[in-house]
Amino acid sequence: EAFSRGTIAFPLLKQVGIPPRRKIVGDWFCEADLSFVFAPRGLGKTWFSLGLASAIVGKATFGPWPIHDHAPVLYVDGEMPLESLEKRIAGMGADDDLKVLNHEGLFHATGKVLNLTDPVAQDAITAICLRDGIKVLILDNLSCLFNGMKENDADQWEQVLPWLLTLRRHRVAVVIV
C-alpha cells in the first residue's frame, strides 16, 4: 500500500510538497548533500574541513564561495588529540553552533569509542543531529571512524548507506573525510 501511495505520475512530482534543498556553500554544497573530501595524507583535509565547518557556523565566505545558509554543524573527529583539535578550531573563529564529538573526549567522559559502522552509534549521532538542529555533519575521517569496514569494498558500505540516506531524508548534509 505504501509503495502504491508513493508512486506518482511525473507531472505531479512538484505537488509532493518537498521543499527544494537550500544552498549552504556556493553552488556546490546544499542541504542533504553527501560529499567526500579526499587527498593524500598530509595535504590539509582536516584543515579544509574545519575551515568549512567554521565558515558555515558563522562567516560570510569560505574561500571564494559565499555561505548562503549559516547552520549548526556537528564535527565528528576520530583521530586528532582533543587539545590539537581545540587549538585549530580556536583560531578559526567558530562559535557555539559548531559542536564537536571527538574520540578522545568521548572516551575520557564515557569510556566509549567511536565506530560508525555500529547502528547504535549511528542512531546516537542521528539523535544529536535532530535534537540540536544540525544541518551539516562532518565525519573526519573514514579510516578511523568506520572500524571493520573495507573502504573500497562496495558491499561493506551496506553497513553505512542506510544511515546516510536517513540523514539525507532529515535534510542533514554529510561530509566524509
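With which side chain does the side chain of Arg131 make a polar contact? The partner is the side chain of Asp132, at 2.8 Å; a polar contact is a pair of N or O atoms within 3.5 Å, where within protein one must be able to donate a hydrogen and the other to accept it, and residues adjacent in sequence count only if both atoms are side-chain atoms. The model is predicted, so local features need pLDDT of at least 70 and side-chain atom pairs count only at pLDDT 80 or more, while totals for chains, interfaces and linings use all residues. Residues are numbered from 1 along each chain as its sequence is written, and side-chain values use heavy atoms, with hydrogens and water left out.

Arg131 lies in helix H5. Helices (H or I, at least four residues) and strands (E, at least two) are DSSP runs, numbered from the N terminus. Arg131 counts as exposed because its relative accessibility is 61%; buried means under 20% relative accessible area, exposed over 50%, and partly exposed in between, with a 1.4 Å probe and protein chains only.

The helix itself comes next. H5 covers residues 119-132, and at 1.5 Å a residue its 14 residues should span 20 Å, which agrees with end C-alpha atoms that are 20 Å apart. The expected span is 1.5 Å times one less than the number of residues. The buried residues of H5 are Ala121, Gln122, Ile125, Thr126 and Cys129. Seen down the helix axis, these buried residues fall within an arc of 135 degrees, so they line one face of H5; the arc is that of the directions from the helix axis to the C-beta atoms. On the other side of H5, Val120 and Asp123 are exposed, as is Arg131. The cover over the buried residues of H5 includes strands E6 (73-77), E7 (98-102) and E8 (136-140), and helix H7 (161-169). Contact here means heavy atoms within 4.5 Å.

Both ends of H5 have a local feature. At the start, a side-chain oxygen of Asp118 reaches to within 2.9 Å of the backbone nitrogen of Val120. After the helix comes Gly133, with a positive phi near 65 degrees.

Five strands form an open sheet in the order E3-E9-E8-E6-E7, with parallel pairing. Strand E3 (34-36) and E7 are its edge strands, each pairing on one side only. Two strands pair if DSSP finds at least two bridges between them. On average, neighbouring strands of this sheet are turned by 15 degrees against each other, direction ignored. Axes are lines fitted to C-alpha atoms, for helices over the stretch in contact, and angles run from 0 to 180 degrees between N-to-C directions.

The sheet can be followed from E3. E3 and strand E9 (residues 173-176) pair in the parallel sense over three bridges; Ser35 has Val175 as its bridge partner in E9, and Phe36 stands opposite Ile176. E9 is joined to E8 by four bridges, also running parallel, and here Val136 stands opposite Ala173 of E9. Ala173 and Val175 point one way from E9, Val174 and Ile176 the other way, and all are buried.

In a regular strand the side chains alternate between the two faces of the sheet. For E6, Val73, Tyr75 and Asp77 are buried on one side and Leu74 and Val76 on the other, so that both faces are covered. Five bridges join E6 to E7 in a parallel pair, with Val76 opposite Leu101.

Two further helices lie across the strands. Helix H2 (residues 45-58) lies across E6, E7, E8 and E9, at about 160 degrees to E6. Helix H3 (residues 82-90) lies across E6 and E7, at about 160 degrees to E7.

Some backbone values remain. Most residues other than glycine have a negative phi, and most peptide bonds are trans. Ala32, in the loop between strand E2 (29-30) and E3, has a positive phi near 70 degrees. Ala32 is buried, with a relative accessible area of 4%. Arg171, in the loop between H7 and E9, has a positive phi of about 70 degrees. Arg171 counts as buried because its relative accessibility is 17%. A cis peptide bond joins Asp140 and Asn141, with omega about 10 degrees; Asn141 is placed in the loop between E8 and helix H6 (142-145).
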